[in-house]
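I'm keeping a notebook on this structure and jotting down what I looked up as I go. Here is the model.

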Amino acid sequence: MSDGQSTGGQDPNENSTGRQGPSGQDARSRPTPGRRIAAWARRRGSRWVRLLRLLPHAGLPLVLGGVVLALVLAIAPLAVIVLLGRLLGLVGAAVAGTPDPAAGWWDDAYAVLGVAVAVLVVQQVLAPYLTGLVEVASRRIDQYCIDRLLRASLGDAPVSALESPEALDILADARAAFSRWSRTPGEAAAALVPLLSRYVQLVGAAVLVGVVTSPAAGLLIGLTALGVRFGVRGTLGRYGLLFNSLAGHRRKVAYLRDLATTSAVTKEVRLLGILPWLRARLRADTLAQYEPLWAGSRRLQFWPFVGFAGIALVGGAVVLGLVADAAATGAVGLFGLGVALQAVLVAMRFGVYFPECDVQTQYGLQSFEALERFEALIAEGTAPRSVLAPPPAPATSIRFEGVGFRYGDDAPWVLRGLDLTIDVGRSTALVGLNGAGKTTLVKLLARLYQPTEGRITVDGVDLADVDAAAWQQHLALIFQDYVRYELTAGENIGFGAPHLLDDDAALLDAATRAGAAELVGSLADGLRTELSSRYTGGRDLSGGQWQRVALARALLAVRGGASVLVLDEPTAQLDVRAEAEFFDRFLATAHGVTSLVISHRFSTLRHAYQIVVLEHGAVVEQGDHAELMALDGRYAHLFELQAQRFRTPGAATGSGASTAAAAGSTAASAATTTTTTKETVR
Ligand SMILES: Nc1ncnc2c1ncn2[C@@H]1O[C@H](COP(=O)(O)OP(=O)(O)OP(=O)(O)O)[C@@H](O)[C@H]1O
């Protein structure tokens, strides 16, 4: 099946610049018009074939039922045309006074009318069934496509592949379809069924004209209708490409719209008083999106429409002339005339827009292509799973060897020449100023990104050669911008180890160790309470309470089998007492766990086995607290700076070590209340 649309894309036989190749080769390498048309037809055809291949995902019985129904609904109007033609013939005979009542003329007329009415009734009854069937089919196919989208975005692809503006534009369009902002792939595939009905009707109408008038008239009306049809769809296709090109604009407008309506931000928007700005910006950006579309619509649709209407008029007039001529010469009787006139009208209707399938196929196909392009983009950055080895369980050390990383080819280096050894079973603390690259280092360790240069090894095995998803199973990782799922407390904790989601004892134990037991106990429905007041019986948590839940998630992951615990700013939102208690509990239970903790609160880190200072993307100092204080370098300076905040007026401004003691005593910091030492971490 092929329906005319603009190509938009480049012919694969053209060279990529669209200019001629080196002279002498031009004539030989330039494809002939025939080959270009064949390539174009292949490309157009393949889009529809790919769409067609989606149909079985609706279930074969449903699709077959739909096809049968579509054929019945295509043939029914043709049958009515023939029956009404027959009635016209009978009436004509009656007017001419030729019918013989004894021969059952009235019976014939009533019978024909009765059958025609019956066919019309059947058509009316069946039409809603086809609509319903198409709807169910589209939902089922969409479910399959949503699964594909989830697999592509949450699969093995490195996060970098998901962050490019190009990927985000495509993803926004693919996602918008599933939020029913635009037509979905399922709607496009399911609309093929009513489209089939339309084409069968056209062929039937052309055949009727051909049979009752002349084959030439049938062919002409068929070709005219197809020509207009292809032209109209072509303009729709070109308009669709223009629409596609504005994906970035659409994403921005959607963001601004969400900003104005999402409860999480509305309170800040109100307090800042930026609503007037937001409204003006939303209006300006919306206009910036629609103005090119309106202009494009006038340019692409108005004059072509006038042109195609002209073709339809000329083609239809010629065929009607042929019919009239045949009628005048007596070659076509009243029956034939009635059939031909109705069939011509049916064929001419083919040139207009079909509400039940045109927009669906056009924009749904674009959504499907967005999904396909997104999958291809993600696949480009993802090594095939089969070639990747299962990851080793870390036994001795994780090493960063000359690691350099930047987020894009033109982006500045975030890490460069970074060498670091994390001993298995010990605790490592990572400190550094904002933007030093600490979180980036964690992302590399988690294999969300690949080092731009150098390598990360686990017991000598390059992480790049292991399966990322399997490696991530060894990690219990909480980022500083951890996710606050609007789901139950149990689910929020249980996601740390999905196989323990139903194990209440394990969930409560993790909550206890993260200092969240009291919180869970206070929830109306305990672990089953939704952590959002937007749901009945749900409850909103404070920032610190959320952090305890996130910590519980990480600790559950450790219980679930992860042996490397990575906490990025794990206690930034906890009050000082809670922070101290957490480290007490955490360190007391973290035997044998390899931990990497990032924190700006130095007091919490001083008992780490090793403290690593990151600056300008490289390790500048490394050692335990005492060693680094003795070094009196960057760490000692930062520690001193922080401790000054806690020092009472008039206190001595001695060495870093004494300052640390002051910090510990006045702030009831983790340093003083933590009873465990770096040995106990092992
Ligand atoms: N997804 C990203 N794309 C491009 N640049 C990024 C991205 N994430 C971080 N960066 C840049 O990388 C640099 C290091 O960021 P990173 O988050 O690793 O720092 P950090 O040491 O964790 O900082 P902080 O202490 O503030 O959390 C920053 O300059 C930041 O702008």
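Which residue in β4 is the bridge partner of R399? I looked it up, and R399 has T457 as its bridge partner. Before going further, I noted that this is a predicted model.

**Entry 1: the four-strand sheet**

I followed that bridge back to its strands. Strand β1 covers residues 397-406 and strand β4 covers residues 453-458, and they pair in the antiparallel sense over five bridges. A reminder to myself: strands of a sheet pair through backbone hydrogen bonds, either parallel or antiparallel. Then I looked at the whole sheet, which is open and has four strands in the order β2-β1-β4-β5. The pairing in this sheet is antiparallel. Its edge strands are β2 (413-423) and β5 (461-462), and each of these pairs on one side only.

**Entry 2: the six-strand sheet**

Next I went to the other sheet on my list. Six strands form this open sheet, in the order β6-β7-β8-β3-β9-β10, and the pairing is mixed. I found β6 (475-478) and β10 at the edges, each pairing on one side only. On average, neighbouring strands here are turned by 15 degrees against each other, if direction is ignored.

I wanted an example of each sense of pairing. For parallel, I took strand β3 (residues 427-431) and β9, which are joined by four bridges. In that pair, T428 stands opposite Q610 in β9.

For antiparallel, I took strand β9 (residues 610-615) and strand β10 (residues 618-623), which pair over five bridges. Here E615 stands opposite A618 in β10. These strands form a hairpin with two residues between them, and H616 takes a positive phi near 50 degrees there.

**Entry 3: around the ligand**

Which residues are closest to the ligand? I got Y407, N434, K438, T439 and T440, out of twelve residues that surround the ligand. Helix α15 (residues 438-445) turned up again, giving the most to this shell with three residues. By class, I noted four nonpolar, six polar and two charged residues in the shell.

**Entry 4: two helix pairs**

I started with helix α12 (residues 275-328) and helix α13 (residues 334-349). They pack at an angle of about 175 degrees, with their axes 10 Å apart. Why call them roughly antiparallel? Because angles over 145 degrees count that way, α12 is roughly antiparallel to α13. At the contact, A312, G316, V319, L320, V323 and A327 in α12 meet L337, A340, L341, V344 and M348 in α13. That contact has ten nonpolar, one polar and no charged residues.

Then I looked at helix α18 (residues 504-513) and helix α20 (residues 543-559), which pack at about 125 degrees with their axes 8 Å apart. That angle makes α18 oblique to α20. The crossing of α18 past α20 is right-handed. I listed A506, L507, A510, A511 and R513 in α18, which meet A552, L555, L556 and R559 in α20. This contact divides into seven nonpolar, no polar and two charged residues.

Key:
Residues numbered from 1 in each chain as written. Predicted model: local features only at pLDDT ≥ 70, side-chain atom pairs only at ≥ 80, totals over all residues. Near = placed C-beta within 6 Å. Nonpolar A, V, L, I, M, F, W, Y, C, P; charged D, E, K, R; others polar. Pairing = 2+ DSSP bridges. Axes fitted to C-alpha atoms, helices over the stretch in contact; angles between N-to-C directions. Parallel < 35°, antiparallel > 145°, perpendicular 65-115°, else oblique. Left-handed = near helix turned anticlockwise from the far one by under 90°. Contact = placed C-beta atoms within 7 Å.
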